[in-house]
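Reader: I have a structure open and would like to learn how to read its features. Could you take me through a few of them?

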Amino acid sequence: ASSEMDVAKLMGAVEKEWDETVIPSLQQYIRIPNMSPGFDKDWATNGLQEQAVDCLIDWVQAQKVPTLSHEVVRLEGRTPLIFLECPATKPDSKTCLMYGHLDKQPPFEGWEPGLAPYEPVMREGKLYGRGGADDGYAIFAAVGAIKRLKEQNTPHGRFVIIIEACEESGSFDLPAYVDFLKERIGSPNFIVCLDSGAGNYENMWITTSLRGMVAGELSVKILTEGVHSGDASGIVPSSFRIIRTLLSRIEDETTGEIKLPELHAEIPKLQEEQIRSAANELGAPMYQRFPFVPGGLPTGGANPDVGELALRRTWRPALSVTGAAGLPPLPVAGNVLRPETALKLSMRLPPTVDPILAAATMKRVLEADPPYGATVTFNAEKRGAGWVPPTLAPWLSEATMKASQAVYGKPCRFTGEGGSIPFMGMLGQKFPEAQFLVVGVLGPSSNAHGPNEFLHVPFAKRLCACVALVLADHANT
């Protein structure tokens with residue numbers, strides 16, 4: 001048997017499998033509201049994570065992939081983890097670890113009429129519903145790729161697949177599982193992550209960096225209780241005005257630039273070239289894919305430098321306010337000078353910035369010399385490191401180019417991602433010699449975490465075929 005696969009046969013098998021079994025299973029999975037533990041305090045008792053695990057395991061069992069074993073590992077008080085293992089068929093070949101997750105973001109509001117987070121809808125080749133793209137498809141891609149190798153008798157290395165149920169909460173259960181399973185995982189020389197993004201649906205996209213983040217709560221309290229605004233305004237400063245001035249310490253409100261030097265990093269030359277080149281090739285759709293209101297413009301104005309926008313999204317810090325407290329809903333907002341205002345801040349960090357240092361810097365700057373003697377606190381609840389994978393080894397660079405050409409008819413593209421995958425940095429430290437392939441289906445408008453999330457099915461099918469081709473080449477490393 002040769003490591004060269006028959007691409008037409010491969011694509012035919014992927015199409016058939018997705019149409020007959022993967023899509024129905026994904027639809028069943030989308031119906032389960034298994035939010036990540038950080039968003040669902042009852043996850044351990046409501047059985048939703050278990051339902052999602054059962055749904056995925058049922059599909060795996062039905063595939064009857066020769067020599068592929070599966071197990072659900074449960075450590076006390078932690079979210080479950082799916083562990084799959086397949087011995088090598090090529091003597092002296094190495095281990096490949098594949099990774100994905102099954103927990104979901106909250107439903108969010110604003111879904112279009114006819115769409116809903118937990119009701120799968122197929123429209124024009126897109127499967128809508130929460131978690132299909134982020135990251136329900138991953139186990140189907142990983143197991144499907146192994147099945148394709150078996151069908152064509154292609155020699156392969158050893159495979160380990162880990163599907164966790166805690167990623168959207170920062171993967172806090174994963175280190176315990178990786179330690180518990182370390183003998184069984186072994187020492188992979190190749191790690192495939194299936195939880196990333198894509199710049200379009202026409203090429204295979206490889207992620208070259210991930211941003212880190214600090215998320216926390218900034219609170220300003222000036223009174224012990226609310227008072228009549230007619231009586232107090234002009235004497236008592238507004239907690240909202242105070243919080244506004246505090247935000248200006250860390251962010252330039254006109255440009256969005258972050259003012260704290262500790263939160264910036266130097267951009268490696270190769271990364272900058274790849275990101276600019278990919279952005280220039282995509283052109284205006286790179287930012288037009290976002291649902292701006294009529295006349296709405298991106299950060300760079302009417303004719304932005306798309307390369308610069310791409311770097312802002314991948315290698316520069318950026319602040320978002322993602323929630324607020326202390327503000328009553330508009331219909332019941334009376335003439336009251338409110339005692340306090342709190343904001344949830346999400347600060348995305350360049351891949352190489354230390355999130356612990358970033359959080360400490362934000363706390364120091366925001367809490368120093370509180371205006372008007374207000375009580376000001378900043379508590380960082382989440383800190384996640386960004387990550388830069390090692391440069392692709394020649395075999396992997398060649399394998400990905402070959403796979404992209406064979407399946408998409410175009411070369412693969414490289415760019416950084418604006419989001420975070422906490423597990424990648426952890427794996428990078430544990431397996432410093434390993435090569436990484438970070439890919440995913442989160443392309444334009446797929447809207448993971450927001451309303452109208454969709455999985456672009458034709459693109460996902462092609463990505464599955466690419467993964468199989470790269471795994472075939474891994475056997476020769």
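Author: Asn 153 sits in the loop between H4 and S6, where helices (H or I, at least four residues) and strands (E, at least two) are DSSP runs numbered from the N terminus. This is a predicted model, in which local features need pLDDT of at least 70 and side-chain atom pairs count only at pLDDT 80 or more, while totals for chains, interfaces and linings use all residues. Residues are numbered from 1 along each chain as its sequence is written, and side-chain values use heavy atoms, with hydrogens and water left out.

Reader: What is phi of Asn 153 near, and is Asn 153 buried or exposed?

Author: Buried means under 20% relative accessible area, exposed over 50%, and partly exposed in between (1.4 Å probe, protein chains only). Asn 153 counts as exposed because its relative accessibility is 58%. Its phi is near 50°, a positive value in a residue other than glycine.

Reader: Where is Ser 171, and is Ser 171 buried or exposed?

Author: Ser 171 is in the loop between S6 and helix H5 (174-180). Phi of Ser 171 is near 55°, again positive in a residue other than glycine. With a relative accessible area of 1%, Ser 171 is buried.

Reader: Which residues does a cis peptide bond join?

Author: The bond joins Asp 134 and Asp 135, with omega about 15°. Asp 135 belongs to helix H4 (residues 132-151).

Reader: How should I read the sheet that contains S6, and in what order do its 6 strands stand?

Author: Two strands pair if DSSP finds at least two bridges between them. Here the order is S1-S2-S6-S3-S7-S16, an open sheet with mixed pairing. Strand S1 (69-73) and strand S16 (435-438) each have a single partner strand, so one side of each is left without a neighbour in the sheet. Strand S2 (residues 81-86) and strand S6 (residues 158-164) run antiparallel, joined by 5 bridges. Within this pair, Phe 83 has Ile 162 in S6 as its bridge partner.

Reader: Which strands does helix H3 lie across?

Author: Contact means heavy atoms within 4.5 Å. Axes are lines fitted to C-alpha atoms, for helices over the stretch in contact, and angles run from 0 to 180 degrees between N-to-C directions. Helix H3 (residues 48-63) lies across S1 and S2, at about 170° to S1. Helix H13 (residues 394-408) packs on the sheet as well, touching strand S7 (190-193) and S16, and its direction makes about 25° with that of S16.

Reader: In what order do the 4 strands of the open antiparallel sheet stand?

Author: They follow the order S11-S13-S9-S14. Strand S11 (318-325) and strand S14 (375-384) are the edge strands, each pairing on one side only. Helix H12 (residues 355-367) lies across S9, S13 and S14, and runs at about 170° to S14.

Reader: Which residues does Val 365 touch?

Author: Val 365 is in helix H12. Not counting residues up to four places away in sequence, Val 365 touches Arg 249, Ile 250 and Leu 260. Val 365 is buried, with a relative accessible area of 17%.
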